[in-house]
Amino acid sequence: MLPEVPLLLSTVTEQICPGPLRSMAEGATPVVPSHELLEWAKQDKRRFLHAVYRVGDLDRTINNFVLMIRTFKTDYGVDKYDIGTGFGHFTIATQDVYKLVEDIKAKGGTITREPGPVKGGSSVIAFAKDPDGYLFELIQRGPTPEPLCQVMLRVGDLDRAIKFYEKALGMRLLKKTDRPEQKYTIAMMGYADEYETTVLELTYNYGVTEYTKGNAYAQVAISTDDVYKSAEVVNLAIQELGGKITRQPGPIPGINTKITSFLDPDGWKTVLVDNADFLKELKANE
Ligand SMILES: N[C@@H](CCC(=O)N[C@@H](CS)C(=O)NCC(=O)O)C(=O)O
């Protein structure tokens, strides 16, 4: 059993998973037929482990956090990052958005959208901006084991993105919401009910097919029991839908945690991390 630790937000100023950039898993001839590989990805022990984003001043970020987020990783000497137009926000669930907004204001934080029902829907939301310019959506919900409940990324082709995450990562389309008045559609992708786990919130704005990535937001990390097999599955999805393997499966030198990483067809990065190695890292850091 994996421990029920909430998804972590990691702030970094360097690529934690450097590796040679190759166009795809070179020479990866699947030894298992592709339909079995795709099925295996759905059965694999997958969960969101953390999201990584870069900040200009780690102490400032930690001091500014009044939210339930654990941050780690250290600094690099860069004090400003470009968030780009594609990254949307991290969503934090709280039982009382109004109170959280008051707390953030009292501590000098910036609220960019006052609490109230989302336009075109009923969930009560607000938005806060952190010192690096990252937006945090605050959403009112009952108690949850995963307070960091959504990572919102904008995509240029929603059907392609849904197919990609289903195939490459064995995720399920948990919910699709179209808001024609607001001219956007969102797809919630994940491994379990969106009220129980962190999900990817993929947003398509009508007619917008390109966004800038900037260099601030980095990636989400997802667990797997087998990074090698995972890379073969990802490769199948890449061949059909686009994307790129950015790190071949294998241990990170010095740490020995096995990972593989890739970009989706929109250029968003995911790192798959070996379950047992990740638990070893957690224990070592206790
Ligand atoms: N054009 C928006 C589409 C996504 C969107 O509007 N999301 C909702 C939350 S699901 C929102 O931010 N609503 C703002 C509001 O209700 O004030 C974007 O790209 O951020």
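Q: In this predicted model, axes are lines fitted to C-alpha atoms, with angles running from 0 to 180 degrees between N-to-C directions; at roughly what angle do the axes of helix α4 and helix α5 cross?
A: Helix α4 covers residues 158–169 and helix α5 covers residues 227–241. Their axes come within 8 Å, and the angle at which they cross is roughly 155°.

Q: Is α4 roughly parallel or roughly antiparallel to α5?
A: The axes of α4 and α5 cross at roughly 155°. Angles over 145 degrees count as roughly antiparallel, and therefore the relation of α4 to α5 is roughly antiparallel.

Q: Which residues of α5 make the contact with α4, and how do the residues of this contact divide by class?
A: On the side of α4, the contact is made by Arg160, Lys163, Phe164, Lys167 and Ala168. On the side of α5, Val233, Val234, Leu236, Ala237 and Leu241 take part. By class, the residues of the contact of α4 with α5 come to three charged, no polar and seven nonpolar.

Q: Which elements give two or more residues to the shell around the ligand?
A: The ligand is surrounded by Gly88, Arg113, Val118, Lys119, Arg154, Gln182, Tyr184, Ile186, Thr203 and Asn205. By class, this shell has three charged, three nonpolar and four polar residues. The elements that contribute two or more residues to the shell are β9 (184–190) and β10 (199–205).

Q: Is Asn256 buried or exposed?
A: Asn256 is placed in the loop between β12 and β13, and its phi is positive, at about 75°, although Asn256 is not a glycine. Within 10 Å there are 12 other C-beta atoms, and because 12 or fewer is the cut-off, Asn256 is exposed.

Q: What distance separates the C-alpha atoms of Thr257 and Ala276?
A: Thr257 is in the loop between β12 (244–251) and β13 (258–263), and is partly exposed, with 16 other C-beta atoms within 10 Å. Leaving aside neighbours within four places in sequence, the contacts of Thr257 include Val273, Asp274, Asp277 and Phe278. Thr257 and Ala276 are 19 residues apart along the chain, and their C-alpha atoms are separated by 8.6 Å.

How values were computed
Residues numbered from 1 in each chain as written. Predicted model: local features only at pLDDT ≥ 70, side-chain atom pairs only at ≥ 80, totals over all residues. Near = placed C-beta within 6 Å. Helix = DSSP H or I, 4+ residues; strand = E, 2+ residues; numbered from the N terminus. Nonpolar A, V, L, I, M, F, W, Y, C, P; charged D, E, K, R; others polar. Parallel < 35°, antiparallel > 145°, perpendicular 65-115°, else oblique. Contact = placed C-beta atoms within 7 Å. Buried ≥ 20, exposed ≤ 12 C-beta atoms within 10 Å, placed from the backbone.
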